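Here is a short briefing on one structure. Read it with the sequence and the 3D view side by side.

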Amino acid sequence: MSQLSRSVAQVVTPDPVVEGAGVHLQRSIGTRKLDHLDPFLLLDHFESINPGDYKAGFPYHPHRGIETVTIVRRGEVQHEDSLGHRGTIGTGDIQWMTSGSGIMHEEMPQVRPEGIAGLQLWLNLPAREKMTRPKYRDLPADRLVETKLDGGANVRIIAGEATSQRLRGPVEGLAVAPKFVDVTLPPGTAFRETVPRGHTAFAYVDQGDLRFGPDRTPVHGPALVVFGDGDVVEVSAAAGGGRFLLAAARPLHEPISRYGPFVMNTRAEIEQTLEDLRTGHFIRDEPRDE
Ligand code: CO
């Protein structure tokens, strides 16, 4: 059976937003233009060498019902949470946090000569897992070794399996079966990756000029590329090359009720979350670490 190449359904230019205590960033999922891409709820791109754009950071705040994935491209983010984790995520490091029933944390970009750059993605949890124990994965750069593929692409597999299952990322076993591949395409190279039919798939182009899909649609970063259905994603590099995150996951098809950092299925569950915060019942469990 021949494989269907996924065409480009939509190219979204990120919206500038100010988040946290005053961090300037580019948001492409979780906006008026694109509320969500089931099961992806939010995608933020922070990148600046001007401390005024990022130093205010994201002071202590709660999450419930989602997973947050933070990819640091450049610079350092100090992290601390209410359950005892504390550390620094630096260039190439990734933090994968399952908020489950509740976690409080802060994320503070450090002022450094190289500034800061990275992505944060929110992944929804299925209804049956929204109130599970928080779980925390630190994925340091040395666990995410870059591999050069035959087509010339340099890839880091973060989640799932890739390139005909020859490579496997450290994050596995999640309900929505995410596939996250961090791809750098030097000029003149190409990348091809299978994505299960029916799964939502997008590429976020941090920078550069790339061509996507069977029509070789040109995309200049920063931009979000949403794919239609099919079996395989095809990308090639234009003259300057570029970098993107390929993300795919099984959609949940469940109702979404969101209020700031909480994403539940019903309004009543959001009300309960706010009540839990007021009455000191928000933090329920110690997180599990990997
Ligand atoms: Co947060």
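Serine 101 touches Arg64, Lys130, Met131, Thr132, Pro134, Phe282 and Arg284, leaving aside residues up to four places away in sequence. The model is predicted.

**Serine 101**
- Serine 101 sits in the loop that runs between β9 (94-98) and β10 (103-109).
- Its relative accessible area is 0%, so serine 101 is buried, the cut-off being under 20%.

**Cobalt site**
- Three protein donors lie 2.1 Å from the cobalt ion: His61 (NE2), His63 (NE2) and His105 (NE2).
- The donor residues follow the spacing H-x1-H-x41-H in sequence.
- Distant parts of the chain are linked here: histidine 61 belongs to strand β5 (residues 58-63) and histidine 105 to strand β10, 44 residues apart.
- Histidine 61 counts as buried because its relative accessibility is 17%.
- Histidine 105 also counts as buried, at 0% relative accessibility.

**The sheet**
- Four strands form an open sheet in the order β5-β10-β7-β8, and the pairing is antiparallel.
- β5 and β8 (86-89) are the edge strands; each has a single partner strand, so one side of each has no neighbour in the sheet.
- From one strand to the next, the twist averages 25°.
- Strand β7 (residues 77-81) pairs with β8 in the antiparallel sense, over four bridges.
- Valine 77 has isoleucine 89, in β8, as its bridge partner.
- Backbone hydrogen bonds are what pair the strands of a sheet, either parallel or antiparallel.

Definitions and conventions:
Residues are numbered from 1 along each chain as its sequence is written. This is a predicted model: local features need pLDDT of at least 70, side-chain atom pairs count only at pLDDT 80 or more; totals for chains, interfaces and linings use all residues. Side-chain values use heavy atoms; hydrogens and water are left out. Helices (H or I, at least four residues) and strands (E, at least two) are DSSP runs, numbered from the N terminus. Buried means under 20% relative accessible area, exposed over 50%, partly exposed in between (1.4 Å probe, protein chains only). Contact means heavy atoms within 4.5 Å. Donors are N, O and S atoms within 2.8 Å of the metal (3.2 Å for Na, K and Ca); water is not among the atoms, so sites may look incomplete. Two strands pair if DSSP finds at least two bridges between them. Axes are lines fitted to C-alpha atoms, for helices over the stretch in contact, and angles run from 0 to 180 degrees between N-to-C directions.
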